[in-house]
Amino acid sequence: MLKKWLLSGALVLALVLLGLSARWWLPPLLDLAGKQSSQIQGLASLVQLVLWIAAPIVVVIRLGLLRRPEPPAPARPDAPPSIEHLEVRVEAPEAADFLRRLGLGAPQPDLEKAAQAYLQYLVDAYRYLDLRGMGVSDRVALKLPLLEMYVPLKARLHTPEGETWARQLRVAGRLPAAEEGADMGERLSAPVPVLDLLQKHGGLVLLGDPGAGKTTFLKVLALALASGQGEALGLGGRLPILLPLAAYANALADKDVSLDAFIARYYEEERKIQVPLGALLARALQEGSALLLLDGLDEVRDAGRRHLVVDRVRDFYSRHRKAGKGGNRFVLTSRIVGYREVRLAAEGLVEATLVDFDGEEIEAFLGKWTAALEKAVGSDTEVARAQAEQERVELLEAVRTSPGVRSLAANPLLLTILALMKRGGIALPDRRVELYKNYVETLLKHWNLARSLAGRSGQEVDLVETMKILEPLALWMHEVSPGVGLVKEGELLRKLESLCAGRGHADPARAAASFLKDVRDHSSLLLSRGEHHYGFIHLTFQEYLAAVALARKAREGSSTLVEALAPHVGKAPWHEVVLLTIGHLAIVDQWEQAASEVVEGLLDRSPGPPGEAAVWMGEAVADAGPGAVTADCRQKVVAALLDTLRAAGRVEPARRAGAGKALAAVGDPRPEVMTVEALELRTVPAGPFRMGSEEDDPEGYEDEMPAHDCDLPYEYQIGRYPVTVAQFREYVKATGEQPEDPDSLRGPGNQPVIWVSWFEALGFCRWLEGRWRKEGRLPEGWSVSLPSEAEWEKAARGTDGRKYPWGDDFDPDRANTEAKVQDVSAGGCFPGGSSPSGCEEMSGNVCEWTRSLWGTERFNTTFRYPYKRQDGREDIKAPSQILRVLRGGSYFDDSRLVRCAYRGRGGPAGRRGGIGFRVVVLPFSSEL
């Protein structure tokens, strides 16, 4: 407060002093502008008057601001309302105060009593995360505060115009089927927080896959509003009304009842609230102070009744949406498939589709999960926090190291089950086939438990018997609907009847119908996806169960399984199935010999496009882990991968790069890319070469001109390949110098290291110089450094001025560029791109640091051509604000940027995913 008065007082004093002195300082100032004296004097008087008036105005304003009551501070003034601002520990507020905030006027005893009972029910019902139906929750503390655990959802808004729906949007681990795409609409916006949509629109239809978090979102809204935290959500004071639409549909089956009347009856009769709620709900709707949360339109099974429910909801929405001053708000949820048939089209209502969790959201959930669990089972102590952090790291590692697990973790339900399995004592294996087995058994145990509680008993609820139905069913579904995983109800029923007949059921038709009814009513694994389609909750489970069914064929002989798998090699929807089949044989069945025979059989037959079988078998062996196949089998896989990697002109670049990745995972035997000891150098002779671009070259840039003869009067050696991840790891281990970006150490060992700064690249060179000097491998006076751009260009193009290392014509088979591979590739994948000096991957793959300077302006080099080594451009001790030259272009650049003459630039402290380096050995010190 004192600081505010001091600032105001200083302003008043300044105005007074300016007013008093205006007659002295203003005339000379205006004289400079050439004004007449009478005008000057008049204007001086006017300015003095304005300044005198301004001073008391400041005082009045200051006093007025002091007397005005301070507005309540928002939860976080630097951010808009958000779920993250909610208080975690919730209690039902005092009813009278809550009703006043709803704008219902003076509290009445009957309304207060109803409100207190209703609010307490909502707080009690939704205070904690509901873990029922997740299989292993009996071993986990159940009191996990919902608001502490919740991670906000995002959705894509359906729009008549705008961003066309991106095909990378996935549903249950797969691209949406045609019916799902139609139900979601042709155009979707970029992902936005769901709460933002609710704040901006009076009505919201929220579509999402099973487990996507639709119901949990409604519970969060109900709990937040019931505990008086509507302001923190940007929704103001509202009465939340959460209603499962299936309950309303069931009531309509008995007799006609309006939605208004049913809501109160539902809470009084089905939720056992012992006070009348009708008046409370009616007043809230009348005043426009309600938030209607209508859950699970898809759970209304009967199509005719679903249409009736939608009609009643539409009428209800139209009557109540503009009530009171602000209008009531509405949210309705449904699965994607089936919504189009009963679409709730109405004025002011928008539709949005939930998107999967991304990496940040997965990490946020796991952080909240582990912290809350440790508090629940122990205490908020240093030890508990350390245990929570350890569990978080282990869970994140399981997600990060396996794309399959990452795909599952994008679904909030499946991510929760993953965390529950970990907490329940189930180890998270490195091999995902074991993890999928645990997932499926967890979901099946819940399914069969639900069936037993529903009164079903006997052999059909046995886990083994259920698997014997689901395995061939999943294989059949994958055959008839590969990569989509949706089948029609009639076809599914006929397949089930056939399977039940094969299992010896006395009445296969009845058994099939019973199985399908259980799927609809109890399953968390196989789901009804709309009125006439079925599919697994995630495509991964269909793939896993199909793989298990295929692995059973090995009992008939490995050749039988090879015959079954061979037609699918090279077909993307079968990639995961083939890998999991071999993994199941090797890991779950522990049948090393059979797994090896299948791998070798597929290598011998080599089905699919050239090199594809080798890549898939390499991935399968790597995925299964050490000891999964025999030593002879592993050697055959390595040999096949090396042959594929080097098969330029015969195998497509992307497949060669895939072989390189698989080789790194199996174990790349090439010491020249995997060790510093065998790091290979190529000799570049002394003498002149043609540097830069000719003036008539349409692809050349001005900073590459003029082309000129540049003489390097010394012989030197340069790395055959860029320095690899494995070699950089050796440097880090030997020196303890941890890179600023840990991702530089996470890539496959045989690929060029990326995410390294110029300083870190130079640090590697200095370490290597010291090591080789100690080993006697470096002659006296020689040094190891980054190449100058002249040394780099001469090694890349030789002496004939060619445009690319291999010649003047661009050839995409000779360089990893133009996004053909879409990632960094292993050293040796592009042998056809070798330079005259024998260096590889000098065009494309990764840009390479040089020791040469560019200047301080990104688009205007200080050091132009002709190249002059002694003009300061090779000052290796130059300050960090001076950019360094990059050469070679990367995998995402086009043909123009991978020419030998192209000069890139970057700040020496910067790092990117497409920048690496190679070493040069010089007959002098690069420090000079």
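**Exercise 1.** Find what stands opposite Leu681 in β14.

Solution. Leu681 faces Gly719 of β14. Step back to the strands (DSSP E runs of at least two residues, numbered from the N terminus): β11 and β14 (residues 716-719) run antiparallel, joined by four bridges. Strands count as paired if DSSP finds at least two bridges between them.

Before going on, some ground rules: this is a predicted model, where local features need pLDDT of at least 70 and side-chain atom pairs count only at pLDDT 80 or more, while totals for chains, interfaces and linings use all residues. Residues are numbered from 1 along each chain as its sequence is written, and side-chain values use heavy atoms, leaving out hydrogens and water.

**Exercise 2.** Work out the strand order of the open sheet, and which strands are at its edges.

Solution. First, the four strands follow the order β11-β14-β20-β15, with antiparallel pairing. Next, β11 (681-684) and β15 (783-785) are the edge strands, each pairing on one side only. Finally, neighbouring strands are turned by 30° against each other on average, direction ignored; axes are lines fitted to C-alpha atoms, for helices over the stretch in contact, with angles from 0 to 180 degrees between N-to-C directions.

**Exercise 3.** Identify which helices (DSSP H or I runs of at least four residues) lie on this sheet.

Solution. Start with α30 (residues 758-775), which lies across β11, β15 and β20 (920-922) at about 155° to β15. Then take α31 (residues 789-797): this helix touches β11, β14 and β20 (contact means heavy atoms within 4.5 Å), and its direction makes about 75° with that of β14.
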